[in-house]
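Please keep the sequence and the coordinates at hand while reading.

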Amino acid sequence: MNYKKVFKRETKVIALAVICMAIVLIGGSYALFFKVNSNSNNQVVEAGALVIRYDNGNVITVNEDDESNCLTPMSDDEGSGNAGCKFTLSVHNTGTLPMNYQLLIYNDQASIPAGGTFADHNYIKHSLSKKVSNQNTSDEASIVINDKKTIGSITELNQDNKKVLETSMIHANETVEFTLKLWIDENAPVDIIGQYVYLKLDVSGEVDDDVQISSIFSDYLVSLSQNESNIERFEQVPTQQTKELVEYRFTGNQPHNYVCLSSEEVCDVNHLYRVIGVFPTQNDENEGYNRRVKLIKDVSLETQAFGENNNFVASSLNTSVLNGSYLYSLGEYANYIDPALWYLGGSSTETDAITHSMSISPDLLYASERSRSVFSEQPKSYVGKIGLMYGSDYAYSIGTRYRTEKIYDNRQIYIENSWLKEGNEWTISGSSTANEMRYIHSEGYINNGITTNSMEVRPTFYLKANVKKISGNGTLEQPYRLGL
């Protein structure tokens with residue numbers, strides 16, 4: 001018994017990708033059969049400035065006589081891995097202006113057989129990710145949009161029962177490659193047997209400068225960099241622990257980068273955070289990079305000693321405060337935070353450049369933090385939810401213009417123009433001395449400090465890649481509000 005997987009197209013601004021599937025009972029188990037008609041031509045839909053491409057190599061192609069079990073009850077790890085049904089499509093903006101777009105999913109009413117019943121979307125699980133690349137800037141980022149969620153949990157539109165998988169913006173000459181994986185929840189009831197899954201993917205786009213769209217927060221902030229002078233693009237060369245990366249950082253004296261992690265109407269100062277920027281980050285040194293937003297608490301906790309030595313992983317500041325009492329105090333917002341790989345490099349770089357506090361530049365500091373040079377046998381990196389800002393986060397906060405200049409020589413400029421400047425404040429940046437860590441001096445430069453001294457501490461963390469902007473414009477009066 002075979003079922004066809006069909007891709008339909010319309011000539012409107014909307015392009016449709018149709019995924020047709022059916023669940024049948026075979027020998028007491030679930031099974032899915034595909035029949036894919038051979039087609040040597042790429043399927044391309046051009047709709048205004050958007051080009052949506054469905055390549056034969058990017059869809060599931062199974063021989064007519066092969067059995068596929070990809071749309072069956074399975075665990076989330078299996079479904080989001082290699083066992084689930086995988087579909088890909090790409091969207092390219094060939095115009096000269098950014099476009100808002102939506103990716104929607106909904107039942108294909110026309111394809112279901114007479115008398116058939118659609119499977120409950122609450123038992124259809126999915127993971128959705130995208131890869132964004134731009135021909136003009138060579139920028140590239142992988143972003144997780146939805147991870148191991150039910151289709152039924154996606155927000156519904158008020159028409160046609162369409163459900164939004166993602167709303168975002170695509171820039172000129174930018175390509176977005178989507179990967180969607182589908183599977184049946186392992187806890188699905190037996191009566192789902194014999195029900196049908198006929199789903200359509202719908203990509204639509206429009207140019208509208210007045211529309212404020214809810215979107216993946218990292219995408220939204222990167223889109224602001226096209227017009228906002230306080231969000232600068234930093235191209236980073238490879239270091240001993242990182243590859244070549246593109247970062248987006250807030251710079252200047254008072255950028256609009258406030259975030260409120262609270263549902264209260266007027267945000268209490270203890271719930272205010274600032275966006276350091278958008279960074280390609282890893283969850284582990286063996287994993288790929290994902291674009292994530294990095295936040296720092298706007299006001300310091302009570303002043304704290306770093307610990308007995310410069311081992312951040314074992315320090316009391318890390319174990320008892322940052323990833324202890326502070327993380328617990330976040331309540332539900334702790335679920336917004338992704339464990340990330342933090343670099344703990346010491347004071348020397350791969351070129352043995354001078355990294356003394358009087359002579360170090362932002363670029364040298366960045367390389368130092370990501371070097372493999374550490375004191376004694378201490379760890380070179382660490383995976384955890386909460387950390388501190390890097391010294392280079394502060395050093396880059398006055399902009400790309402100063403990245404090769406000595407921080408000490410520009411200390412007055414930092415005092416006047418860095419939004420990250422507070423008092424004497426600990427960073428996560430290491431030192432080659434057993435009992436010293438780098439800190440931001442109240443006079444505007446980076447210095448080494450004795451770890452048993454008490455200084456200001458502002459928790460810093462990376463948001464999950466699928467955190468969305470719900471409202472706000474980043475000002476103190478209207479900080480960004482976020483959701484999952």
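On a 1 Å grid over the protein atoms alone, a cavity is a set of points where a 1.4 Å probe fits but cannot get out, whereas a pocket is an open set with protein on both sides within 12 Å along at least five of seven lines; lining residues have an atom within 4 Å of a point. Grid points are joined across faces, edges and corners, and a volume is the space filled by probe spheres set on the points. The model is predicted, with local features requiring pLDDT of at least 70 and side-chain atom pairs counted only at pLDDT 80 or more, while totals for chains, interfaces and linings use all residues. Residues are numbered from 1 along each chain as its sequence is written, and side-chain values use heavy atoms, with hydrogens and water left out.

Over the whole structure, the search finds five cavities of 30 Å³ or more. The largest cavity holds about 130 Å³ of space. Its lining comprises 17 residues, and Pro280, Thr281, Tyr343, Arg370 and Tyr462 lie nearest the centre. Two or more lining residues come from each of strand 18 (245–250), strand 20 (272–281) and strand 24 (340–343); helices (H or I, at least four residues) and strands (E, at least two) are DSSP runs, numbered from the N terminus. For the classes, Ala, Val, Leu, Ile, Met, Phe, Trp, Tyr, Cys and Pro count as nonpolar, Asp, Glu, Lys and Arg as charged, and the others, Gly among them, as polar. On this basis the lining of the largest cavity has nine nonpolar, three polar and five charged residues.

The second largest cavity contains about 90 Å³ of space. Of the 14 residues that line it, Asn310, Leu344, Gln378, Pro379 and Gly430 lie nearest its centre. Its lining has seven nonpolar, seven polar and no charged residues.

The largest pocket has a volume of about 770 Å³. It is lined by 36 residues, with Leu128, Ser129, Ile143, Val144 and Asn290 the closest to its centre. Elements that give two or more residues to this lining include helix 1 (76–83), strand 11 (124–134) and strand 21 (290–297), but the largest share, seven residues, comes from strand 12. The lining of the largest pocket divides into eight nonpolar, 16 polar and 12 charged residues.

Attention now turns to packing. A nonpolar core is a set of buried Ala, Val, Leu, Ile, Met, Phe, Trp, Tyr and Cys residues joined through side-chain atoms within 4.5 Å; buried means under 20% relative accessible area, exposed over 50%, and partly exposed in between (1.4 Å probe, protein chains only). The largest such core has 71 residues, and those with the most contacts inside it are Phe217, Leu221, Val259, Phe461, Leu463 and Leu482. Beyond its neighbours within four places in sequence, Val259 is in contact (heavy atoms within 4.5 Å) with residues including Phe217, Leu272, Val275, Leu295 and Leu482. A second, separate core of 31 residues includes Leu128, Val176, Leu182 and Ala188.

The structure holds one disulfide, defined as a pair of cysteine sulfur atoms within 2.5 Å. Cys260 is joined to Cys267, with an S to S distance of 2.1 Å. The link of Cys260 and Cys267 is right-handed, with 95° about the S-S bond. Cys260 is buried, at a relative accessible area of 2%, and Cys267 is buried at 16%.
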